[in-house]
Amino acid sequence: MTGRTHIVGAGLAGLSAAVRLAERGREIAIWEATAQAGGRCRTFWDPRLERFVDNGNHLVLSGNRSVRAYLQTIGAAEKLITAPEATFSFFDADSGERWGVSINDGRIPWWVFRKDRRIPGTGVMDYLSGFGLARAGKSKTVAETIRKRGLIWDRFWEPLTLAVMNTTPNRAAAVPLWRAIAETFVQGGAKCRPMFAPDGLGRALIDPAISWLADRSISPSFDHALKAVDIEEDVVTALTFTNGHRIALGPQDDVLLALPPARLKPVLPWLDVPVDDAAILNAHFTLGDPTLLNGCAPITGLINAKSHWVFVRGDVVSLTISAADRLGVMDQAPADLIPELWAEAARALNLGDTTFVAARINKERRATFDQSPEGVARRPDARTPIKNLVLAGDSTRTGLPATIEGAVRSGETGARLLARESR
């Protein structure tokens, strides 16, 4: 007799695992603590903006193979639109300078030899500094590994580290950053084209998965926050939720916990996990007229500004500040932040005196785990000492940073381990 897999957590990692297990015909139950799926990747209606917005701005690249395979499986490949070229726009708030980095297809980086395709003021040799990441030890940070400073640091390595690692280069672990670069930028432009979700990330990555699972009679049970995991003789025997619901597991049942560290540690206190207190701040502005943004790049990197990235979708302008806790932004009042951030966005997008109709600040205090070398060393393995228990989530030992790709891949890994054990 085949047992049932209990997946706790309906974020991207949990849904990725559910999809892969459902493909194998496994009987599945999904338990989610909140009233909706998606975790830190969801689209919601904001009454202040009167628009659907994402709770966080995430960049997916064409080289994110697990995300692409996941979308293909759930029938949502068209929900993410791939840019025709690997081109990234930038604006320097100090100098007013604008430029684009345009990466050619193919593994030979011809683009660094073209002044019109690389960062202004940088030379070919500047880009060689990054290969030190490939040889970095596990205890090394990005700042310790890349010694080159100047424009290549200010305009490439620092913003890239903040975006990918959600912490400053003097804290960010070098190894996972290199892994992300090796799977995208090192492979050439065909693997690092931005992929955009015109209708929102939740509608691209979450809603289609929920529908795909529902077609197979699998639906998450919401408002089920895990309270305790009963373990006897290295086997999970029961799950207890805060609403009083208790599930006794049969001998063929197994469990996949797709929970962030702050929720995982209380139910598995013996497990060593990193702290997940790295914050991201997002600001959203509506203009009321999408034609005002005609000609604007869908994403623009900001240099020498409080914001790091500006995203444009319809008549909504969104800004992201990575490592917001480390940069001292989280304690600033929205009333103070909104005019300052809008001024940066208006300059970056060349909007002149255009003003916004409505604005909102979103503060994600637990956006990612601590991605310092010490934090990375504490990432738990997917396999646990408990025979019928595996873990998933971007904080597990995927090798990748805490990204959408890392979350989806962790679900794949967890599903593969459970499928192997069931055989």
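This is a predicted model: local features need pLDDT of at least 70, side-chain atom pairs count only at pLDDT 80 or more; totals for chains, interfaces and linings use all residues.

Colleague: How many disulfides does the model contain?

Modeller: A disulfide requires a pair of cysteine sulfur atoms within 2.5 Å. By this rule the count is 0.

Colleague: I would next like to discuss D315. Where is D315 found, and why is D315 described as buried?

Modeller: D315 sits in the loop between strand 16 (309-313) and strand 17 (316-321). Its relative accessible area is 7%; since buried means under 20%, D315 is buried.

Colleague: What makes the pairing of D315 and R51 a polar contact?

Modeller: The two side chains are joined at 2.7 Å, and the cut-off for a pair of N or O atoms is within 3.5 Å. The side chain of D315 also reaches the backbone nitrogen of G288, at 2.9 Å.

Colleague: Which residues does D315 contact beyond its neighbours within four places in sequence?

Modeller: With those neighbours left aside, D315 is in contact with R51, F285, T286, L287, G288, D289, P290 and L293.

Colleague: What does the side chain of S307 meet in a polar contact?

Modeller: The side chain of S307 is joined to that of E344 at 2.8 Å, against a cut-off of within 3.5 Å. Not counting residues up to four places away in sequence, S307 touches L302, L319, T320, I321, L341 and E344.

Colleague: Turning to the helices, what makes helix 2 oblique to helix 6?

Modeller: The axes of helix 2 (residues 65-73) and helix 6 (residues 201-214) come within 9 Å and cross at roughly 40°. That angle makes helix 2 oblique to helix 6, since angles under 35 degrees count as roughly parallel and 65 to 115 as roughly perpendicular. The crossing is left-handed. V67, Y70, L71 and T73 in helix 2 meet A204, L205, A209 and W212 in helix 6.

Colleague: Why are helix 1 and helix 2 called oblique to each other?

Modeller: The axes of helix 1 (residues 12-23) and helix 2 come within 11 Å and cross at roughly 55°. The two helices are therefore oblique to each other. On the helix 1 side, the contact is made by L12, L15, S16, V19, R20 and E23, and on the helix 2 side by A69, Y70 and T73. This crossing is left-handed.

Colleague: At what angle do helix 1 and helix 6 pack?

Modeller: Helix 1 and helix 6 pack at about 30°, with axes 10 Å apart. Helix 1 passes helix 6 in a left-handed crossing. The residues in contact are L12, L15, A18, V19, A22 and E23 of helix 1 with L205, I206, A209, I210, W212 and L213 of helix 6.

Colleague: Finally, what makes the phi of D234 and of N304 worth a remark?

Modeller: Most residues other than glycine have a negative phi. D234 is not a glycine, and has a positive phi of about 65°; N304 is not a glycine either, and has a positive phi of about 60°. D234 lies in the loop between strand 10 (226-232) and strand 11, and N304 in the loop between strand 15 (299-303) and strand 16.

Colleague: Why are D234 and N304 called partly exposed?

Modeller: The relative accessible area is 42% for D234 and 46% for N304. Buried means under 20% and exposed over 50%, with partly exposed in between, so D234 and N304 are partly exposed.

Terms used. Residues are numbered from 1 along each chain as its sequence is written. Side-chain values use heavy atoms; hydrogens and water are left out. Helices (H or I, at least four residues) and strands (E, at least two) are DSSP runs, numbered from the N terminus. Buried means under 20% relative accessible area, exposed over 50%, partly exposed in between (1.4 Å probe, protein chains only). A polar contact is a pair of N or O atoms within 3.5 Å; within protein, one must be able to donate a hydrogen and the other to accept it, and residues adjacent in sequence count only if both atoms are side-chain atoms. Contact means heavy atoms within 4.5 Å. Axes are lines fitted to C-alpha atoms, for helices over the stretch in contact, and angles run from 0 to 180 degrees between N-to-C directions. Angles under 35 degrees count as roughly parallel, over 145 as roughly antiparallel, 65 to 115 as roughly perpendicular and the rest as oblique. A crossing is left-handed if the near helix is turned anticlockwise from the far one by less than a right angle, and right-handed if clockwise.
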